[in-house]
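Please examine the sequence and the three-dimensional structure shown below.

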Amino acid sequence: MHAHIIRALIAKEWQRHVANRGGIALGVLLVAAAVLLSVSTPRGAAKGGGGAAGLVGGVNHCLVQYDTHTVFVTHLMENVPPELKQQIHFQPLSRAQTVNGVIVYPVGTGGLQVRELRDGVSPNYTVHVSVWHPEGNPTALAPYEAWLWKEFRRWNVRRAQLRGVPGPPEPAFDAENQWLLTEAHKRFQDQVAEAAANNAASGVFEATAAAAGAPVAAATTGVKLAVPDLDVKREGLGGEVLTFHAAIVTGLVVFALYFTCVYLLPTLNCEERERGVLLAQALSPASPLEIVTAKALFYPTAGIGLAATIAAIYQPAILAQPFFWLSLASVAAGFLGIGMTISTLARTQRAAFLGGMCYLMAVSMLLTICSLNNIPILPYFTVEYFGPRILHAAISSAVNNTELTKTNWWNLLGAALLGVAWLTVAVRLFRRRGWQ
Amino acid sequence: MTTPDTMIALRGLRVLYGAFAAVDGLDLDIRRGELFGLLGPNGAGKSTTIRVLIGQRAPSAGVVTVGGFDVAREWAKVKPLFGYVPDRENHFEEFTGRRNLEFFARLYNVPRERCLTVLKLVELDEAANLPVRGYSLGMRKKLLLARALLHEPQVMYLDEPTANLDIHSAEVVHRILRDRVKHGATVVLTTHNMEEVEQICDRVGIVCRGKLVALDSPLALKQAHTERKVDVTRNDGERAVYDLDTETGLKGLSELVATGQVATMRTREFDFHATFLKLTGLAFD
């Protein structure tokens with residue numbers, strides 16, 4: 001390795017971009033977008049994320065979590081409508097993912113926690129439902145709530161009917177109108193109570209309750225036994241929120257790295273090969289290792305520089321965060337490996353361009369399909385799964401001044417391992433095929 | 001047997017593309033300070049031989065040494081020894097001529113001033129600061145030569161160096177090559193221009209179907225292989241060929257000259273073109 005050769009090769013890369021200003025123009029556009037985003041961020045929104053709307057209008061998945069596997073939970077499991085089957089997942093609260101004892105949900109996932117609270121003395125109990133929706137978007141779980149309330153009511157009617165109480169007409173439940181829900185439930189309770197009283201007077205209810213094994217004393221208070229109280233509480237999920245601005249900045253940062261390492265590096269390299277300039281360099285004192293090293297230094301450095309500029313425009317404090325730099329380095333390593341692999345496999349500039357595009361599309365499709373169908377593990381093999389997560393975590397923690405979680409560090413490790421894996425693939429391919 | 005005078009030695013060189021032998025057992029010694037022409041019809045194996053010499057193709061069999069170093073095993077030592085002018089230009093289009101040379105000058109670790117010297121040498125100094133994308137084919141070719149001259153290599157490989165050049169530029173190239181040879185460099189060129197071969201080459205190797213079919217100076221080759229025939233155009237427009245090695249031919253030509261019927265007359269004695277065609281088996285009957 002000769003320093004003067006590496007310097008000359010790096011200077012050549014830079015001079016080529018100065019002479020062909022397309023790459024620099026796109027970099028400037030990305031920076032301009034970051035500036036506009038920073039300027040358009042409402043005062044205070046960058047810090048603390050107060051009042052920011054969620055990135056998505058709804059959630060892709062809903063976790064129904066329960067403390068005990070009751071008959072009601074079984075009823076819910078058996079009555080998930082086909083259109084929500086892919087989205088609704090059941091999980092005991094004991095197996096919920098927690099960070100420092102606090103239940104956390106993956107991005108794009110909301111939670112419906114169902115607990116049955118009993119005082120241990122009377123047979124009466126309360127079904128406690130907690131709706132965990134994205135901050136600032138209380139209606140995000142509307143379709144799931146609508147299903148839950150409907151099934152809750154059906155289950156109760158069925159219970160009452162089992163005890164000989166005719167079910168009342170079904171009200172129009174509306175997940176966005178909680179008061180209406182509560183009132184409807186109250187009315188439902190009253191109706192059942194009234195029916196129970198009438199039946200008790202005629203002796204029907206007493207006989208039915210006795211047949212069902214309930215104490216006669218409890219049966220006379222009918223309503224409490226047939227329909228429990230309902231307590232609904234709505235709360236926004238705490239902690240970091242995928243805010244629109246932070247998400248866009250994350251996207252710009254990831255794109256800056258992708259653009260330099262997976263697009264510019266392979267296309268310009270293949271252009272040099274097509275023109276024969278790569279051969280001219282290979283016949284000069286520059287060794288193949290020096291040529292590769294210069295490119296491997298220039299493009300990730302340019303990408304990291306651009307990405308850091310974009311992130312710093314949004315939140316300057318991020319530059320002091322080691323996690324951010326580690327995230328950039330990991331993602332850049334992964335993209336560099338991908339770019340070098342494409343450089344080795346593609347013979348022409350057009351093939352390199354198409355290779356980059358095909359890769360992007362394939363990974364996007366894979367992640368989308370895996371996300372929609374809840375396919376596990378497969379996304380863990382893509383840099384694009386971990387990259388945005390760690391970069392967003394870095395940006396969010398810098399903005400909100402919050403601690404990074406253990407999950408963030410695991411994601412960083414995942415990105416770093418993928419980076420090493422891609423670089424290994426690229427180096428092995430280069431040794432076997434070279435760039436000629 | 002390699003002598004101390006030998007700069008490039010090819011021993012039993014064989015290059016296979018699948019089952020096809022592009023070069024088939026080539027033995028050749030090229031001396032120091034020699035301007036050597038490698039000739040042959042299309043597909044004869046010239047370019048493949050050059051590709052082996054510049055390390056871009058591994059020999060299937062045989063050994064190739066340059067300056068005493070094995071091209072396959074001591075590539076790092078061979079690389080600084082040579083300059084290469086490809087048949088297809090390969091410049092950074094977006095750079096000026098000078099910047100192109102400056103980049104390679106940095107790789108070769110030669111002073112920047114050398115760029116202007118070689119640009120002057122190939123008469124491109126006035127166009128030095130123009131982008132290469134505006135250069136003509138001839139200018140691009142001359143820039144390739146300038147690049148190959150940057151580090152004053154001991155060996156130069158040139159693939160059709162005067163293709164697309166005007167007469168004056170071709171003369172400039174010839175002058176530069178002769179000058180390099182005068183300073184002890186070895187020059188190997190491939191060309192289809194027979195006049196150029198006759199004009200500047202010290203020795204010529206003619207390859208055909210991957211084999212060396214002739215090796216000598218252009219003059220010696222002509223003398224050894226040319227036909228002693230005379231092409232005559234008579235005053236009435238009729239054309240005839242007289243073989244000087246036959247009595248009939250000699251007698252017929254004498255009568256024609258004596259009766260004053262000859263309009264034009266041309267001997268084939270020093271026709272290198274015909275020699276080449278004869279040696280490669282491509283001459284028309």
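**A guided reading of the model**

In chain B, 66% of the contacts with a separation of 6 or more are between residues 24 or more positions apart; two residues are in contact if their C-beta atoms, placed from the backbone, lie within 7 Å. This is a predicted model, in which local features need pLDDT of at least 70 and side-chain atom pairs count only at pLDDT 80 or more, while totals for chains, interfaces and linings use all residues. Residues are numbered from 1 along each chain as its sequence is written, and chains are lettered from A and ligands numbered from 1 in the order in which they are written.

Chain B has 285 residues, of which 40% are buried. A residue is called buried if 20 or more other C-beta atoms lie within 10 Å of its own, exposed if 12 or fewer, and partly exposed in between. Along the principal axes, the C-alpha atoms of chain B fill a box of roughly 70 × 45 × 35 Å. The chain contains 10 helices and 13 strands; helices (H or I, at least four residues) and strands (E, at least two) are DSSP runs, numbered from the N terminus.

Consider the strands β1 and β2 of chain B. Strand β1 (residues 6-17) pairs with strand β2 (residues 20-31) in the antiparallel sense over 9 bridges, where pairing requires that DSSP finds at least two bridges between two strands. The hairpin of β1(B) and β2(B) has 2 residues between the strands, and B:Gly18 takes a positive phi near 70° there. Strand β1(B) is also joined by 5 bridges to strand β4 (residues 61-66) of chain B, again in an antiparallel arrangement. B:Ile8 illustrates both pairings: its bridge partner in β2(B) is B:Ile30, and B:Val66 stands opposite B:Ile8 in β4(B).

Another part of chain B holds an open sheet of 3 strands in the order β12-β11-β13, with antiparallel pairing. Its edge strands, each pairing on one side only, are β12 (239-243) and β13 (262-267). On average, neighbouring strands of this sheet are turned by 25° against each other, direction ignored. Strand β11 (residues 229-234) of chain B is joined to β13(B) by 5 bridges, and B:Arg234 stands opposite B:Val262 in β13(B). Helix α9 (residues 247-258) of chain B packs on the sheet, touching β11, β12 and β13 of chain B, and its direction makes about 130° with that of β12(B). Such angles run from 0 to 180 degrees between N-to-C directions, with axes fitted as lines to C-alpha atoms, for helices over the stretch in contact.

How do the two chains meet? Between them, 17 residues of chain A are in contact with 17 residues of chain B. On the side of chain A that touches chain B, α1 (3-19) and α10 (277-283) of chain A each supply at least two residues, and the largest share, 7 residues, comes from α1(A).
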